[in-house]
Amino acid sequence: MVTNIPFVVFDSPEAACRQVASEIAQLIRERSSRGRQTVLGLATGSTPLPLYKELVRLHQEEGLSFKNVTSFNLDEYLGLNRNHPESYWTFMHRNLFDHVDILPENIQIPSGELADDQIETHCAEYEARIRKAGGIDFQILGIGRTGHIGFNEPGTPIEAKTQKIHLDELTRRDAAPSFGGIENVPTEAITMGCGTILKARRIALLAWGSKKASIVREAIEGVITDQVSASFLQTHPAATFFLDREAAADLHGVARRAS
Ligand code: PGA
């Protein structure tokens with residue numbers, strides 16, 4: 001059975017995140033030593049939480065500095081004030097930015113507070129800011145049960161740029177518990193496009209738990225299709241899936257154990 005995207009299987013999300021964090025730390029240190037910024041593409045959701053915990057630990061205990069880091073988040077719910085408890089602005093500050101020395105002016109998150117006539121310009125400016133920063137060096141991704149990366153729901157073309165999207169019902173249902181009911185979950189979001197994501201020089205997709213097993217298999221072993229945005233990663237030269245045993249359970253390919 002052909003495996004179209006390299007993947008590594010770990011005993012726990014924490015073990016996987018130690019490896020991803022160590023790769024990120026090495027990149028930041030190497031670029032900083034040459035006076036260069038490192039541009040990180042960041043994800044939200046429950047999946048990257050152990051990664052952010054490990055990055056905070058590396059900052060607090062091992063002196064990893066984020067002063068030379070610029071970050072671009074993948075997405076934000078439309079219609080949420082940045083101070084809303086479920087906004088991705090709040091999420092990122094609570095789980096990472098408030099605990100490291102990243103400069104506030106180097107943090108970029110799409111705005112969820114846009115009038116209809118501001119959306120196109122905001123999205124074009126977000127793309128331009130990524131380009132001006134030199135492109136994304138290291139992109140973190142989760143995967144939704146619809147196969148979305150960022151919020152690129154089924155039907156989003158491979159070349160899509162940052163844009164407004166309608167959230168899939170399954171995505172909204174999965175978000176319902178944190179919002180106290182599906183009726184409170186926004187219906188739209190701003191997301192980096194598949195094309196934006198695929199330009200990143202290195203991509204690490206993280207997935208944990210049995211609920212992700214079938215979509216992980218479709219992304220890695222299925223056909224490349226706009227019905228599963230994550231399958232577009234098969235076209236990327238440096239994308240790796242970091243999985244726990246449960247998320248890898250449906251793969252036919254031989255799982256390579258992390259050392
Ligand atoms: P989760 O969401 O990390 O909360 O599972 C992943 C995603 O929707 O991309």
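In this predicted model, strand 7 and strand 8 (residues 188–191) run antiparallel and are joined by four bridges. Across this pair, His166 stands opposite Glu188 in strand 8. The two strands belong to an open sheet of three strands, arranged in the order 4-8-7 with antiparallel pairing. Strand 4 (75–77) and strand 7 (163–166) form the edges of the sheet, each of them pairing on one side only. When direction is ignored, neighbouring strands of this sheet are turned against each other by 25° on average.

Among the helices, the axes of helix 2 (residues 49–62) and helix 3 (residues 88–95) come within 10 Å of one another and cross at roughly 40°; because angles from 65 to 115 degrees count as roughly perpendicular and those under 35 degrees as roughly parallel, the two helices are described as oblique to each other. Their contact brings Leu49, Tyr52 and Val56 of helix 2 together with Phe91, Met92 and Asn95 of helix 3. By class, this contact of helix 2 with helix 3 comprises five nonpolar residues and one polar residue, with no charged residues.

The largest nonpolar core contains 80 residues, and those with the most contacts inside it are Leu51, Leu55, Leu233 and Phe241. Helix 1 (residues 13–33) supplies the largest share of this core, namely eight residues. When neighbours within four places in sequence are left aside, Leu233 is in contact with Ile5, Leu141, Ile149, Leu198, Ile203, Leu205, Ala239 and Phe241.

Methods. Residues numbered from 1 in each chain as written. Predicted model: local features only at pLDDT ≥ 70, side-chain atom pairs only at ≥ 80, totals over all residues. Heavy atoms only, no water. Axes fitted to C-alpha atoms, helices over the stretch in contact; angles between N-to-C directions. Parallel < 35°, antiparallel > 145°, perpendicular 65-115°, else oblique. Contact = heavy atoms within 4.5 Å. Nonpolar A, V, L, I, M, F, W, Y, C, P; charged D, E, K, R; others polar. Pairing = 2+ DSSP bridges. Core = buried A, V, L, I, M, F, W, Y, C linked by side-chain atoms within 4.5 Å. Buried < 20%, exposed > 50% of the residue type's maximum accessible area, 1.4 Å probe, protein only.
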